[in-house]
Amino acid sequence: MIDQNRIGTRLAGIFELTDRVAIVTGSAQGLGRDTAWLLAEVGARTVIADFNVEGAKAVATQIETAGGIAFPCHVDLSSEESIKRMFEAVDGQFGCVDVLVNNVADRSKAEFFDMTVAEWDRMFNVTARGTFLCCREAVTRMRRGGRGGSIVNISTVGAVRTTLWGVNAHYDAAKSAVDSLTRTLGGEFASEGIRVNSVLPGGMASEGARNISAAFKIRGPMIGPGRIPMGRIADPKEVAQAVLFFASPASRYITGQLLGVDGGFMVS
């Protein structure tokens, strides 16, 4: 049997992000919070970027109390100026960016025939345009730093397969745009060591999902009997582990890929 200490050292070398700077948008709660915690656990200096400043401060305090390094920062993904200010604040605090996790999305729901143009536009402004703007700022800094980097975009299996009827048309369409951006940027900047990949969660047991279920009559393939072969929706921590894989050296030869973390939904 291989010595346990050797295993630990080897795994640390594959997954650790010691002294790397990782920005996680929307990390005051849910998947973003769990992702920020996990990246901090493997050594990253983690930026807790969120519209909810007090929530971001609380998460950063918890991480630092546990021995990690975290920096809370306000960002409004619908505003180019706010995004630029956030990256400038990170420049001032840490001087570089090595990992960007684009987790923020407008999670609003609307039935197709009730959806306003304003709701459609806000979804794309936050989810697709916001991701584009964050990628542009991050790639600029990664190229300047000269040591590559990793961008992980949080998408959804709904960008590839219909999950819910009625309420998700704008959300799924915007996430499809995010995945297209992933493939394009993953190829364009690969030669510079900058990798771009997407993680596509299925259902998650998160605060946001509970709020949506309480407000809308949820229907569609995702809730059909047997459509999730593993028999349950994901714990956000399980999705965060896929994000760590893409953020870390463990995936250093992977770019432009879409990884479903869906309990088998897409193959059912």
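1. Ala 12 is partly exposed, its relative accessible area being 34%. This residue of the predicted model belongs to helix H1. Its C-alpha atom is separated by 39 Å from that of Pro 221, a residue 209 places away along the chain.

2. The phi angle of Asp 19 is near 70°, a positive value in a residue other than glycine. As a rule, most residues other than glycine have a negative phi. With a relative accessibility of 48%, Asp 19 counts as partly exposed.

3. The loop between helix H1 (4-15) and strand E1 (21-25) also holds Leu 17. Is Leu 17 buried or exposed? Its relative accessibility is 4%, and Leu 17 therefore counts as buried, the limit being under 20%. When residues up to four places away in sequence are not counted, Leu 17 touches Leu 39, Val 42, Gly 43, Ala 44, Leu 244, Ala 247, Ser 248 and Pro 249. Among these partners, Leu 39 is one of the H2 residues that meet H8, while Leu 244 and Ala 247 are on the H8 side of that contact. A further distance concerns Glu 238, which lies 221 residues from Leu 17 along the chain: the two C-alpha atoms are separated by 19 Å.

4. The pairing of H2 with H8 deserves a separate point. Helix H2 covers residues 30-41 and helix H8 covers residues 236-247; their axes come within 9 Å and cross at roughly 50°. The two helices are therefore oblique to each other, and their crossing is right-handed. From H2, the contact draws on Leu 31, Asp 34, Thr 35, Leu 38 and Leu 39. These meet Pro 236, Lys 237, Val 239, Ala 240, Gln 241, Val 243, Leu 244 and Ala 247 in H8. Sorted by class, the H2 and H8 contact has nine nonpolar, two polar and two charged residues.

5. H2 also packs with helix H3 (residues 53-65), at an angle of about 25° and with the axes 11 Å apart. This angle makes H2 roughly parallel to H3, since angles under 35 degrees are classed in that way. The crossing of H2 with H3 is right-handed. Arg 33, Ala 36, Trp 37 and Ala 40 form the H2 side of the contact, and Val 59, Gln 62 and Ile 63 form the H3 side. By class, five residues of this contact are nonpolar, one is polar and one is charged.

6. Another helix pair to examine is H4 with H5. Helix H4 (residues 80-94) packs with helix H5 (residues 117-145) at an angle of about 30°, and their axes are 10 Å apart. On the H4 side, the residues in contact are Glu 80, Ile 83, Lys 84, Phe 87, Glu 88 and Asp 91. On the H5 side they are Gly 130, Leu 133, Cys 134, Arg 136, Glu 137, Ala 138, Arg 141 and Arg 144. What is the make-up of the contact of H4 with H5 by class? Five of its residues are nonpolar, one is polar and eight are charged.

7. Thr 127 is also part of helix H5. With 1% relative accessibility, Thr 127 counts as buried. Apart from neighbours within four places in sequence, Thr 127 is in contact with Ala 105, Asp 106, Ala 174, Lys 175 and Val 178.

8. The last point concerns the cysteines. How many disulfides does the model have? The count comes to zero, with a pair of sulfur atoms required to be within 2.5 Å. Cys 73 is in no disulfide, as its nearest cysteine sulfur, in Cys 134, is 11 Å away. Cys 134 is also one of the H5 residues in the contact with H4. Cys 73 is buried, having a relative accessible area of 8%.

Notes. Residues are numbered from 1 along each chain as its sequence is written. This is a predicted model: local features need pLDDT of at least 70, side-chain atom pairs count only at pLDDT 80 or more; totals for chains, interfaces and linings use all residues. Side-chain values use heavy atoms; hydrogens and water are left out. Buried means under 20% relative accessible area, exposed over 50%, partly exposed in between (1.4 Å probe, protein chains only). Axes are lines fitted to C-alpha atoms, for helices over the stretch in contact, and angles run from 0 to 180 degrees between N-to-C directions. Helices (H or I, at least four residues) and strands (E, at least two) are DSSP runs, numbered from the N terminus. Contact means heavy atoms within 4.5 Å. Ala, Val, Leu, Ile, Met, Phe, Trp, Tyr, Cys and Pro count as nonpolar, Asp, Glu, Lys and Arg as charged, and the others, Gly among them, as polar. Angles under 35 degrees count as roughly parallel, over 145 as roughly antiparallel, 65 to 115 as roughly perpendicular and the rest as oblique. A crossing is left-handed if the near helix is turned anticlockwise from the far one by less than a right angle, and right-handed if clockwise.
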